[in-house]
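Subject: Structure handover

Hello,

Here is the structure for your files. My notes on it follow below.

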Amino acid sequence: MISIVASRAADRAAELRASLGIGYALTPAIHAVESALLNAGLGVCRLAPDDPLLAGADGVLDRQMQIIWIRANLPAAAEAALLAHELAHWCLHRSVGDFADLVSDLDGVDESIAAPIQEADGYSPMERRELEASAFAAEFIAPCQAVAAAFAGGATAQEIAGSLQVPERVVVRQLVAALLEQWTPRLATRDAPEEPLTLDAEQAAAATARDQTTVVVAGPGSGKTRALAARVLHLLDEGVSPARILAVTFSRNAAEELRQRLQRSGPDEAAEVGVFTLHGYGLELLRRFGRMLGLPECPLVCDRITSLRVLEEIVRGGAGGVWEHLDAPVRPLAGLLDAIGGWKENGLDPDTLSATDQRKSDAVRLYRAYEQALRERGGVDYADLITLARLVLREIGSWYPEMPDHVLVDEFQDMDSSSLELLRLVAADGRVLWAVGDPLQAIYAFRGAETMSPIVREADDVKPRAMYRLTTNYRSTPLIVRFISALGVSLGLPDVPALKPADSGEPGRIVLAEADDDEAELSGLAQTIREAAAAGVTLGGQAVLCRTNQLARGIAQRLRAEGFAVNGPLTALDQPSARAALSWMARAADLPSASDDDATGGRPPADLQSASTVSAMLARYLFGALGAARGLSEKRHALDRQAMLWLLGCAQRVSLRSAEAPLRSQVSELIGDVRRCVALGEDHIKGSPDMLGDSVNVMTIHAAKGLEFDAVYVPRLNAGVFPPRHRKSPMDDGAPERDAAAAEARLLYVAASRARRWLVLSCRRQARRRASEPSQFWKPIREAVQAVGGEFTRWTGPYGASAAHHSPSPMDGARTWSLSELRDYEGCPYRYALSRERERVPVGGYAAFVHAMRRALRALQRSSEADRDRSVSEALAAWQQGMRARSVEDGWEQLYEARAREMLGRLHADPAFHAGELFLTLLLPMAHGCLSLSADCVIAKEDGAVAIERFVYRARRDAGPDANVVGVLYRACRETWPHTPIELAVRYLDSGERVPVQRPSDDGRRAAEHYDGVMRAIRERRFAPKPGDHCAWCAHLLVCPRVESRGADTTLD
């Protein structure tokens, strides 16, 4: 959403228009600008471009002369925007010197449109001034109310820009603010009374401390942000210049909250205090001094998606060596990116890392290539913002005159070792350090956060001179406050404070529930939510806090099925507006991926195809001839508006990165970025009560950090769920996750401390008809509940909605299904149905690779065994022909071909391969149809046995071959050779490894029943979507209504 920085400046512009009596007619904006300049006593002088007064800029505000020098012969629209920008500096920043601006800078990224790009940025005083000036100028020359009214009346953004004689991008910015962000200016805000910060004795003592180094340990609900804001205001009252104060927060949300507190309670000069995220402060240092490290003056900040693209390009080009993940080449790269970030933050470059195994060696090789690729682009990633800023401070820290005198740190417990090192450098040389946080709420150990940071410990380089504690809890009822303290002690957390409730009124309620199974737990959860609502707790005041996103999605879906409105995990592509926009753009760019999307019939208008960038194309889709944004203003489309804001940010990122590329390439790149966001889980959008009405909140515990609710539910406290099973990364070196149990205990502590009045914790006894062990924390939880007199209950069965029922609609006659068909259905029934209904469906790269390899293997077996090179070349030609037949263009063709050549060369040298019969079709009759499957290589052995091999084209995984596939293969072999000994094996073609497979204990009976059930489900036309990791790369991503059935399987461990 539009930030407080931009909102305040735009409000001032609206006030100025009102004070000058300027109406809202669509007349040239230059008239309003000239009126305002005359009223302010500012003159305008046009100069030749090489005039020294311009100093190479397009415009200069000269305060002393009260004149704006601008370059002559500027286009009328550009001149109006530039003069409005300088007028903004005159009105908003009277205490600051002259300003020089380039017309090209007026294209600057609108923070409200491009939040994904700007999330690394802090708000330095200079950056904040430019954001304010841009927002002021946009509102002054193209008022939101006026452009929104004109657009509603049928005008396009281009037509409105023509009437106002302003750049089209300015009108687009204002339409985004008015229609998608629902922003309207507020007049007379400057004289609003300040809201004084009321402090208790502990908060006041901490805020006014005079020690060289002060550490404030703030328990949950004790007013941490209030104390931090009070500290800033105290320093200002003491006469400290705002330019000498630096406040560092852990997240952008925390930074924005602090700015709002300072705006409400502080003087105007409080806006000049530098409030940054730590990454934002690192970026500010690199912008100023990055040239010392060989970086450009404005380094390109590669966000996670851009960094992932860089790694993809490296793997595609073969620089990463042999890549084993043929079936999903991108999927492991996100984990590798995290590993690289961890290595950087620990000061490990590719030359200092030791490769303990082949997997680690491949990762280090990719790390080296990745670093080289970033530097060639003049770019840095998020980890570099910290590690390179440390290098800068080591060089300039002792002499840089603009270093702050007072350093304030929020959430110190979540800082990793690299961040703490940067803070130590900032606070060196006698500067005053003031840090606030709570070690018991350190929940980012997986990112390397230091649980008991050196700021708190008696470290050699940072020794606390004073320690203050905030122990009064203003959030929770007395019972819950006592439980939080008891839980911390029972979990074995160190130094648990004895929290005091501020309110001795309502005692509150704590419930510990054991459920018989999944269904009982979910039904009991729904019933308890209803009981809380009946007791006066609004649905919006209730939150289900889950350990994983997967569990949150499943519970949100179940609660929707129970009839609740849910503010749960929602993604941009869950909204029809985002899918429709991408489909229109793909069709306008003549991309095949959306050619048969019936939802966007009609020919794309010319203004889409004439756009120069993908962000301009999306803006014209919304505000051009199609006018798609006109249908999004109603309240019921609130989530669609959020989805479009998210998509605008993605488009802006592509435009900045690839502005010179053809439009077709940019649209393809945008869809690729959207797929990567889906794969990484970075496509989430946020709902709110204003958008969704009174609705139950469902989210992860990490997402709930900093929030509070009247009633909190923490379900699925079972082994393997809370804590979840550990997944290895390239950084593990076989060692267990550091301090994993303690980190999970702190996470549970944070979850419990979000509750104000009700707290309900639950586990289940069974999952999928098997015993399910409670979490290792269940016993400490019981002890804490018992110690404070909480309730114990058992959930035994469903309370309301019954399970979904599918009415059968059997197909006529017998049917034969291939095993690959049934496995496709298992992956996603909706994808299976669409793939068979549509005439032209893009084929995934790995599926085409496997199809082409079968053709190549037949050619290889027919060739001469003597001439290896010729045989492999002929087989590879057959493979290439098979790939061309599938029209694969996913960018991985070079990687696939290299692996095909390697596999064919290895198989040519194997005599057993040449002796076998390839791809023999076997049939297995069942109740609901006949299963057809392939024995990939059948070898008749001398002892009379038949050896059956199944080919696997990807790397061997720890889980081994699918038990159901092995079961039906063995059963089909028994049907075909009932009196012959059968030997099963899996051959991994990438390594040549042949792994014998044991005979199923039940001769494949359970596997056959499983696939018979799949056939029955297809006959009954059960084609609901089944969201999962495959969604990101599915050909039907842009038309799939995933939200309607996401998480339908509520056993989500």
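An open sheet is formed by 7 strands with parallel pairing, in the order E17-E20-E16-E21-E22-E15-E25. Two strands pair if DSSP finds at least two bridges between them; strands (E, at least two residues) and helices (H or I, at least four) are DSSP runs, numbered from the N terminus. At the edges lie strand E17 (566-567) and strand E25 (791-795), each of which pairs on one side only.

This is a predicted model, in which local features need pLDDT of at least 70 and side-chain atom pairs count only at pLDDT 80 or more, while totals for chains, interfaces and linings use all residues. Residues are numbered from 1 along each chain as its sequence is written, and side-chain values use heavy atoms, with hydrogens and water left out.

Strand E15 (residues 509-515) runs parallel to strand E22 (residues 755-764), and 7 bridges join them. Ile510 has Leu759 in E22 as its bridge partner.

Helix H27 (residues 740-752) packs on the sheet and touches strand E16 (542-546), strand E21 (709-714) and E22, contact meaning heavy atoms within 4.5 Å. The direction of H27 makes about 135° with that of E22; axes are lines fitted to C-alpha atoms, for helices over the stretch in contact, and angles run from 0 to 180 degrees between N-to-C directions. Helix H28 (residues 778-788) lies across E15, E22 and E25, at about 140° to E15.

Elsewhere, helix H7 (residues 157-164) and helix H8 (residues 168-180) cross at roughly 120°, their axes coming within 8 Å. Ala157, Gln158, Ile160 and Ala161 in H7 meet Glu168, Val171, Val172 and Leu175 in H8.

Regards
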